[in-house]
Amino acid sequence: MAYLEIRNLTKRFGEVLALDDVTLAVEAGEFVSLLGGSGCGKTTLLRAVAGFVRQDAGAITIAGRPVDTLAPSKRDIGFVFQSYALFPTKTVRQNIGFALKLRGVSRREREARVQKLCAAVKLDGLADRFPHEISGGQQQRVALARAIASEPALLLLDEPLSALDAKIRAHLRLEIRSLVERLGVTTLYVTHDQEEALAISDRIAVMDQGRILQAGAPMALYNRPESRFVAEFIGETNLLDIERLGGRTARIVDSPLTVSLPEKLSGNGRRYVASIRPEHITAEGHDDHRLGQGRVLAVTFLGPVTRVEVGLGGERRLLVQFPSAKLPAEGLPRGARLTLFADPAQVTVVPDKDQA
Amino acid sequence: MRPRPTHLRPSHLVFSYLVLAPLILFIAVPIGAVLLESFRIAGPMLPPTLYALTSRAVDRLPAGEQTAQIETWVESLTPRERMEASAASLSLIGKPVPWDRKANFDQQIEAAGKAVAALSPGERKEFDARYPLAAVMLHKRIPLAFKVRDRLSEREFVELRTGEATRYGLDHYLAFLHEPRIRNAAVNSFMLAAIACAVVVPLAFLLAYGVNRRAVPWPRAMRFVILVPLVSPPVIMAFSALLLFGRQGLITKELLDGLLGLIDAARTNIYGFKGVVLAQVLSFTPPAFIILDNVLSRQDGRLDEAAASQGASAWQTFAEVTLPCALPGLVRAFILVFILSMTDFGNPLVIGKDIQVVAGVIYDEMIGFCNTPLSSALCVWLLLPAGVMYWCLSRLLLGKRRFVSAGDLSAPPSLCVPVPARAGLSVLALGYAGLVFCLYAAVVAGSFTRVWGQDYSFTLAHFLPDLAVTGFISTHQGMGVVWESLMISAIGAPIGGLMAILAAFVIERLRPPGGAFLNFVVLLPAILPGVIFGVGYLVAFNYPFGQKSLALTGTSAILVTNILFGNMFVGVLAARSLLQRFDASIEEAAESLGANLVQRLVQVVFPMLRHALVLGGLYVFVDGLTTLSSVIFLVSPDHMLASVAIFDFASGAYYGLACSKSTVILCLVALVMLATGLFERLGPRRVRALAPRSA
Ligand SMILES: Nc1ncnc2c1ncn2[C@@H]1O[C@H](COP(=O)(O)OP(=O)(O)OP(=O)(O)O)[C@@H](O)[C@H]1O
Ligand SMILES: [Mg+2]
């Protein structure tokens, strides 16, 4: 049985269905991210696990123990808030040592452990400052140290890096990951930044409108999205219309490329689209893999790779990414003709959005 | 703060100071006057000063008469008077008087003759030069004063006639050392303030906590009930408590004494110290509640959740997080209640039997003896403990911690208060609200009752003076006094609102040199108790600049200005915070399009500040109907205010009249607030339309 089990969780705030039948299992020591756009219910799910929000239906178990009626203080969790929620009247030392003090840890031992935690999150020398006397990044570290001070078995983080600027963010996320790995703590991490989620998670659960659309390893999500939303949300992609040829085969419109439909077809009359990542499109290949011909509309050189926008005629466009080394030395002129190919094995067919 | 505009045009400067001058005149001057007055002591002049004054007066005698007149006066002196003149002359030339001034007069006269004869020739010459004037100074000063009265200033005349002059010193501050009455009052005031703080601050905190954590039933209605006394007539809590628990009280006399026979209402009743405590607790809980409500409603609920996720129980969260974060509010509430209690004379006078308090002494000294210097000094004494305490408390408790929360990302608390605490808070809040409700019900009932405690039959006499109870004659018995109050409020409100937003505009936008100081001046009445503001007006505007013709005392203008400037800070604060939200570039845009200052004000600023205008005006209006502490020193038989009349009726035990006027005022206030609320709801579309542009 997984360490954290969330089964059929539903929560409604008045008109808004914040959680819609959410099921998710997190193994002990696993790092799982909840990824989704604003208002999709990530925070609500995390807060339900912490016990700050009581679900309308469904059940949560932590370490095999049902916690639905358990107060937050009894759930053995650490929580990192988006706003850090550091106690403004306590120093860094008192903030970090708060959980230990509550557990009756002696003053000497507390001092020693706070010292260690400060070292672990690189806060040496700041222990006697108040929260408003340290920087945002340092506040974030204090919040993290405070959350792990009582050595909880489950760590919950709600967009802990969203208030920081990009550079610190990239740096801190790796620190969080390595710290969590060292402690072996099971972690649920909320973010709306897909790059962040891809970089640090064992698994990602993509959420939309209160539902988990797909959960899986970053690679799996990237390479085998199961819905148009996930394909578009994680990385960049080209979406092409397809014609079904019967059975589980289909052909991309205006191209000889045949692709196969996913194994479990969801419902009849459901429309499907093909998703092809820009880096999976090539300028040469087998004739059966021909996607079409077009003209170069725009070229962006990005160092190791170059992105090219190709117009296929009409409104249809493709975003292509070539390794820069493979391009002619003089580059690609605008208006140049290109024939593009794709390997059907790298094309995923996903259900289209629900028709409104 | 943004830097001051570098190029302040002369016209703007003139406009700024025109707007700000009244603030100096009507706020800073009276408060300064109290301070000055508190050091003023009238006492005998020192001989050299008096001699100089006499000599100046003698010079004013018609030139021809001078010598002859002085000779006549000197010759008319008795031997004893001559001896005294000799003694004075000797000390004027700097020689000690060589004989015993306490011996009998014959001996002294003889000794004086010898001492004068023993002078060296040089000394003798000086002595002779001083002697005639010294004689006049000692014995003929009064005839001299009247002779040259026309040629002296009023002040010189008085000083010459009485031989006394004003000097400045700490005497009034030290009065409590040798006046047992004041010492006793100080002890009582201090005890009352301590008890009021000890009860009110925790009570208000629990109520605010219950309301904000939704741990009490109907939190919004509860907040409303708790705040109603803020817009009520003065001493309403004291006399309504008497209606229920007094000698003639409904509960004490009718229920416990008459029906159940448990007590003797004539002996066991609320009068005295406990009554004052009750009345003060009920009166000061609402203002303390406002402060704490404000603090608690801004607290970040995430902090509670953080504590809970760390394993803190509800109680530990309260003690470790909620309470420490509310500390600044608690300190402020504590100081506020302390000041309010120290400066409260109404409640002790109405329900205190003969408990003497310092504020009561001030009231007596002002109303009875017009002793402004002593009253002023006592006013300053009232502030001192609170000031010292504030300083100490902020040092000790608050230190360098900061209490603001994360702002945008903070959220209201989501965790529930545990059931037992919820039950306790509910009982407390319902009990409190129930008591307040009963007291107000008693007031309304009292206004239709013939004689409370004796004749409970229905009557309208308290509203209609023609049906008045016989045996009591007061010019303020009818409703006329309420209309007078209403008039004064209605005049003051629009002026106050307008002046407030103009002042805010000048302080916030034009930023003339000295603006920060004026901002402080506007806020002074918010901090200083009304007693000081009232005494200050009396001191400053009785003989403004020594001119009786400029006197404001005894007019209704002094009432309007006092109420207006005493409450202007509300409008100024509201307008300033609005101005800070709107970008100054809106007005600069208007100006770049060619609008002058007046157009800028009328077209752009006023519509923006409409809410502040209404709020500032409303505050002045409500205060005009309900204030007591400052205006009580300023009313006159011709210009009475309903709130003062209510206080007079209540302290004279004419409860029917106090009740009926209170009821009418409560209705008026409710009406006006309702109307303002409607107006505000219908109105501010233009303001909202402006807002996005500034964002
Ligand atoms: N306490 C609440 N009361 C009412 N509605 C709420 C409450 N909390 C959340 N919601 C609603 O539930 C939905 C999900 O909110 P949630 O905070 O979980 O989103 P989120 O995924 O964390 O978004 P974000 O990335 O913006 O933080 C939103 O529509 C929100 O408005
Ligand atoms: Mg969120």
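Which residues of chain B form a nonpolar patch on the surface?

## Surface patch

In this predicted model, the nonpolar surface patch consists of B:I24, B:L25, B:V29, B:F517 and B:F520. Together these residues have about 410 Å² of accessible area. Two helices of chain B, α1 (10-38) and α23 (515-527), each supply at least two residues of the patch. The largest share, three residues, comes from α1(B).

B:V29 lies in helix α1 of chain B. The relative accessible area of B:V29 is 32%, so this residue counts as partly exposed.

## Chain B overall

Chain B has 695 residues, and buried residues make up 50% of them. The secondary structure of chain B comprises 31 helices and four strands. Along the principal axes, the C-alpha atoms of chain B fill a box of roughly 100 × 80 × 60 Å.

The accessible surface of chain B is about 32,300 Å², and carbon and sulfur atoms account for 65% of this area. If contacts in chain B are limited to residues at least 6 apart in sequence, 79% of them join residues at least 24 apart.

## Domains

Chain B is assigned domain 1 (10-33 + 476-641), domain 2 (44-166) and domain 3 (175-399 + 419-459). Taken over C-alpha atoms, the centres of domain 2 and domain 3 of chain B are separated by 61 Å.

For chain A, the assignment gives domain 1 (4-223) and domain 2 (236-355). The centres of domain 1 and domain 2 of chain A, again over C-alpha atoms, are 39 Å apart.

## Nonpolar cores

The largest nonpolar core holds 169 residues, and the members that touch the most others are B:F239, B:V535 and B:F565. Helix α10 (residues 180-212) of chain B gives the most to this core, contributing 15 residues. At least three residues of the core come from each of domain 1 (10-33 + 476-641) and domain 3 (175-399 + 419-459) of chain B.

Leaving out residues up to four places away in sequence, B:F239 touches B:P234, B:V350, B:V443, B:I646, B:A650, B:Y655, B:A658, B:C659 and B:S662. A second, separate core has 40 residues, including A:V22, A:F52, A:F87 and B:C325.

## Individual positions

Is B:T252 buried or exposed? B:T252 is buried, because its relative accessible area is 6% and the cut-off for buried is under 20%. The residue is part of helix α13 (residues 250-259) of chain B. From B:T252 to B:A490 the separation is 238 residues in sequence and 41 Å in space, C-alpha to C-alpha.

B:C667 sits in helix α30 (residues 655-682) of chain B. What is the distance between the C-alpha atoms of B:C667 and B:S232? These C-alpha atoms are separated by 9.9 Å, although the two residues are 435 residues apart along the chain. B:C667 has a relative accessibility of 48% and therefore counts as partly exposed, since exposed requires over 50%.

Key: Residues numbered from 1 in each chain as written. Chains lettered and ligands numbered in written order. Predicted model: local features only at pLDDT ≥ 70, side-chain atom pairs only at ≥ 80, totals over all residues. Heavy atoms only, no water. Core = buried A, V, L, I, M, F, W, Y, C linked by side-chain atoms within 4.5 Å. Buried < 20%, exposed > 50% of the residue type's maximum accessible area, 1.4 Å probe, protein only. Domains from an automatic or database assignment. Contact = heavy atoms within 4.5 Å. Patch = residues over 30% accessible without salt bridge, like charges linked within 9 Å, V, L, I, M, F, W, Y side chains within 5 Å. Areas by Shrake-Rupley, 256 points an atom, 1.4 Å probe, with all protein chains shown as cover. Salt bridge = Lys/Arg side-chain N within 4 Å of Asp/Glu carboxyl O.
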